[in-house]
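Could you walk me through this structure in the viewer, one selection at a time? I would like to know what to select next and what is there.

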Amino acid sequence: MKRSPGERAEGPLTAPAAGGAGSLGGAGGAGSLSGAGGAGSLSGAGNGGSLGRPPVMADVARLAGVSHQTVSRVLNDHPNVRPPTRDKVLAAIRELAYRPNAAARTLVTRRTHTLGVISFDTMLYGPASMLYGFERAAHDSYFVSVASLPALDRRSMLDAVDRFLGQGIEGIVVIATQDTAVAALSHVPAEVPLVAVGCGTKAAVTSVAIDNGAGAFAATRYLLSLGHRTVHHVAGPSSHLDAHERVDGWRRALEEFGAPEPATLVGDWSASSGYELGRELAEDPELTAVFCGNDTMALGVMRALAERGLRVPRDVSIVGFDDVPDAGFYTPPLTTVRQDFGEVGREALNTLIDRMSGAIAAGLRVRIAPELIIRASAAGPPGR
């Protein structure tokens with residue numbers, strides 16, 4: 001299945017610039033000012049420590065030979081600064097090890113350049129990767145503050161939102177993979193700039209999500225196209241929205257091919273649950289193909305089949321979902337559905353910036369198309 005980054009369910013997105021790398025005074029710019037020479041030099045200004053005190057904006061202006069207003073414009077990434085002047089200011093900032101006073105900048109600009117992320121306390125691959133993808137996307141322009149909660153219910157969600165707003169957070173991303181989290185989002189005031197991720201493609205909130213249904217459909221269709229009469233499914237927990245959508249995609253592919261629908265087996269995303277369900281599947285003499293709701297459960301299923309003397313893919317084909325970093329090193333390497341969490345992070349940031357600026361109204365849903373990664377764990381059924 002070909003991945004098309006950033007496929008959208010409705011409406012275009014436009015992402016206004018969020019400030020360049022130089023906006024916090026730490027990046028970019030050619031050229032340097034060394035020693036005490038150059039325009040408007042400081043005596044002994046080889047580094048910030050030689051001043052005997054922390055450097056201030058006036059020191060940067062003096063070393064660069066510009067006004068303090070020009071230094072301020074560079075720090076705030078103002079477009080009306082000539083590149084050579086910007087380079088001189090950035091070089092002076094580096095040489096003096098100058099760091100802007102965040103509190104003072106906030107008072108002047110009324111911006112904290114800080115975004116909040118609300119998540120539940122988990123080490124599951126999907127939610128953890130969504131958080132990492134968003135932090136990477138925001139790194140150059142924003143600080144990111146994370147609230148990891150034991151549960152995402154109404155009260156804890158509203159408490160986290162209130163705490164973030166009290167800290168001057170400009171926008172909030174919620175990793176809402178469970179149905180309780182999406183329900184709690186309905187109680188957040190509409191004027192709060194907020195984007196949910198991992199909440200499925202149907203939630204009635206501004207959101208960015210992998211199209212889990214499309215990925216499950218592609219995985220199941222691939223197995224059926226290899227000649228399997230039907231495909232069994234080891235699903236994730238019923239409380240997780242992405243598990244629901246993967247079941248829907250699996251079922252839709254079976255219907256399209258006219259294949260019988262086996263009973264869904266429900267795990268908890270862990271390898272141990274996959275192992276227990278794999279032992280149950282191994283008792284079925286007609287078993288030839290299994291689509292697993294994630295790669296970790298697929299690993300457990302493969303172990304259970306191996307203990308019963310069933311070989312993958314010679315006897316039973318297996319396809320997973322996630323493409324965890326180790327998937328290519330399973331025995332055999334796992335065919336799976338890849339989720340592009342980097343793209344999820346970038347789209348979540350762009351969508352949140354648009355909400356913060358008022359460029360889009362609440363309710364936009366952005367879909368990210370997954371990609372089927374074909375390795376060696378699936379083949380035609382025995383005898384073909």
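Here is a tour of the chain, one stop after another.

**Stop 1: the whole chain.** Keep in mind that you are looking at a predicted model. In cartoon view, you will find 12 helices and 12 strands. The chain has 384 residues, and 52% of them are buried. Among contacts with a separation of 6 or more, 74% are between residues 24 or more positions apart.

**Stop 2: the largest nonpolar core.** Select I118, M157, I172, V174, L185, V188 and C199 and show their side chains. In this core of 26 residues, those seven touch the most other members. Now colour the elements that give two or more residues to the core: β1 (114–120), β2 (143–149), α6 (154–166), β3 (171–175), α7 (179–185) and β4 (194–197). Of these, α6 gives the most, with five residues. As background, nonpolar side chains tend to be buried together in soluble globular proteins.

**Stop 3: I118 and its contacts.** Centre the view on I118. Which residues does I118 contact, leaving aside its neighbours within four places in sequence? They are A147, L149, L152, M157, A160, V161, F164, I172, V173, V174 and I175.

**Stop 4: two crossing helices.** Select helix α2 (residues 68–75) and helix α3 (residues 83–96). Their axes come within 10 Å and cross at roughly 90°, so α2 and α3 are roughly perpendicular to each other. To see where the two helices meet, show T70, V71, V74 and L75 from α2 together with T85, R86, V89, L90 and I93 from α3. Sorted by class, this contact of α2 with α3 has six nonpolar, two polar and one charged residues.

Stop 5: Move on to helix α8 (residues 212–225). Try the distance tool on its end C-alpha atoms: they are 20 Å apart, which agrees with the 20 Å that 14 residues should span at 1.5 Å a residue. Is α8 mostly covered or mostly exposed? It is mostly covered, with 12 of its 14 residues buried. The buried residues are N212, G213, A214, G215, A216, F217, A218, A219, T220, Y222, L223 and L224. After α8 comes G227, which has a positive phi near 110°.

**Stop 6: two cis peptide bonds.** Zoom in on V312 and P313, where the peptide bond is cis with omega near 5°. P313 sits in the loop between α11 (295–307) and β9. Then go to T331 and P332, which are also joined by a cis peptide bond, with omega about 0°. You will find P332 in the loop between β9 and β10.

Stop 7: Select A97, in the loop between α3 and α4 (102–109). A97 is not a glycine, yet its phi is positive, about 55°. Its relative accessibility is 46%, so A97 counts as partly exposed. Finish at D323, in the loop between β9 and β10. D323 is not a glycine either, and has a positive phi of about 60°. Is D323 buried or exposed? D323 is buried, with a relative accessible area of 10%.

Terms used: Residues are numbered from 1 along each chain as its sequence is written. This is a predicted model: local features need pLDDT of at least 70, side-chain atom pairs count only at pLDDT 80 or more; totals for chains, interfaces and linings use all residues. Side-chain values use heavy atoms; hydrogens and water are left out. A nonpolar core is a set of buried Ala, Val, Leu, Ile, Met, Phe, Trp, Tyr and Cys residues joined through side-chain atoms within 4.5 Å. Buried means under 20% relative accessible area, exposed over 50%, partly exposed in between (1.4 Å probe, protein chains only). Helices (H or I, at least four residues) and strands (E, at least two) are DSSP runs, numbered from the N terminus. Contact means heavy atoms within 4.5 Å. Axes are lines fitted to C-alpha atoms, for helices over the stretch in contact, and angles run from 0 to 180 degrees between N-to-C directions. Angles under 35 degrees count as roughly parallel, over 145 as roughly antiparallel, 65 to 115 as roughly perpendicular and the rest as oblique. Ala, Val, Leu, Ile, Met, Phe, Trp, Tyr, Cys and Pro count as nonpolar, Asp, Glu, Lys and Arg as charged, and the others, Gly among them, as polar. The expected span of a helix is 1.5 Å times one less than its number of residues.
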